[in-house]
Amino acid sequence: MAGTLYIVATPIGNLEDMTYRAVRILAEVDLIAAEDTRHSLKLLNHFNISKPLTSYFDHNQQFKGERILNALRQGRNVALISDAGTPCVSDPGYNLVRDAVAEGISVIPIPGACAAIAALSGSGLPSDSFTFAGFPPSRQGKRRVFLTALAHLPGTLVLYEAPHRLEETLLDIRETMGERQVVVARELSKIYEEFIRGPVSEVISAAALGKARGEIVILIAPGEVLPKETEALDTLLQRLLDEEGLSVKDAARKASVITGSSRSEAYAEALRLRNGTE
Ligand code: SAM
């Protein structure tokens with residue numbers, strides 16, 4: 001009979017967040033697959049767990065995945081852990097779980113810490129509906145496309161980001177989504193845990209001052225949700241110019257955020273309408 005694959009969450013900073021069940025399962029399995037064996041050894045030593053360890057990370061997933069599946073087929077129980085938090089959440093694991101499920105191998109998640117969920121629960125932003133979108137692309141062009149595609153979802157948007165890219169990502173959030181409320185949750189469960197809350201421009205100032213170091217989750221409050229029938233760009237601009245009395249620049253900015261059109265296209269259209277109406 002095949003063994004069981006356990007997907008075990010580990011702490012995201014504070015070792016007290018390790019669950020009793022996680023400790024027991026890690027002590028009972030035949031093999032532990034870890035993203036970084038040296039890193040995980042510290043955790044295992046802390047809990048006096050001594051088990052065979054094998055690595056399972058992004059670049060050896062295919063080769064190691066097959067070996068881990070073989071161990072499971074032979075009836076050995078395997079636990080998968082990542083460097084921190086829940087495996088498969090912006091961490092390796094998905095391919096292995098998919099393949100195990102496809103073979104009918106039993107997969108049991110052992111719940112525990114996850115930075116996205118911890119950040120959401122302490123953010124003060126709406127939590128009844130949210131989207132977790134992982135890390136934005138590191139290059140600006142792709143990042144803006146990525147953010148624009150997420151701009152009109154209902155619910156809070158949760159992102160992971162590296163601290164050295166925080167400021168540029170916040171600037172792109174303002175550019176693509178407008179002046180939203182955001183929360184930067186940093187160093188969760190650690191000594192310098194902090195929530196920086198406010199309109200994105202204020203949080204950008206804090207980030208520019210280097211106040212947001214360490215590990216970071218960005219949360220963005222829901223914005224204007226697009227109606228099913230998107231108002232045509234020109235109708236919307238006409239309304240913003242005439243009824244709301246906005247300047248060409250402000251109308252273009254707002255219309256591009258609402259419709260997802262580029263700022264330059266909205267500006268050109270607003271200019272054309274303004275010139276036509278004057
Ligand atoms: N699997 C992990 C989880 O369940 O949260 C996430 C792994 S991902 C490679 C690492 C990212 O998670 C970091 O870059 C940061 O965005 C976020 N993160 C991890 N630990 C954190 C912490 N203690 N405080 C804030 N963010 C954290």
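User: How many residue pairs are in polar contact across the interface of domain 1 and domain 2?

Analyst: A polar contact is a pair of N or O atoms within 3.5 Å; within protein, one must be able to donate a hydrogen and the other to accept it, and residues adjacent in sequence count only if both atoms are side-chain atoms. Here the rule finds one such residue pair, with both residues at pLDDT 80 or more. This is a predicted model, where local features need pLDDT of at least 70, side-chain atom pairs count only at pLDDT 80 or more, and totals for chains, interfaces and linings use all residues. Residues are numbered from 1 along each chain as its sequence is written, and side-chain values use heavy atoms, leaving out hydrogens and water.

User: What area is buried between domain 1 and domain 2?

Analyst: The size of an interface is often given as the accessible area lost when the parts come together. Buried area is that loss with a 1.4 Å probe, summed over both parts. For domain 1 (4-113) and domain 2 (116-220), bounds that come from an automatic or database domain assignment, the figure is about 470 Å², with 60% from carbon and sulfur atoms. On the domain 1 side, Ile 12, Val 89 and Ser 90 supply 74% of the area buried against domain 2.

User: Which backbone atoms lie by a nitrogen atom of the ligand?

Analyst: A polar backbone atom of Ile 12 is 3.0 Å from a ligand nitrogen, and a backbone N or O atom of Val 89 lies 2.8 Å from one. Ala 115 has a backbone N or O atom 2.8 Å from a ligand oxygen.

Conventions. Buried area is the accessible area (1.4 Å probe) that two parts lose on being put together, summed over both.
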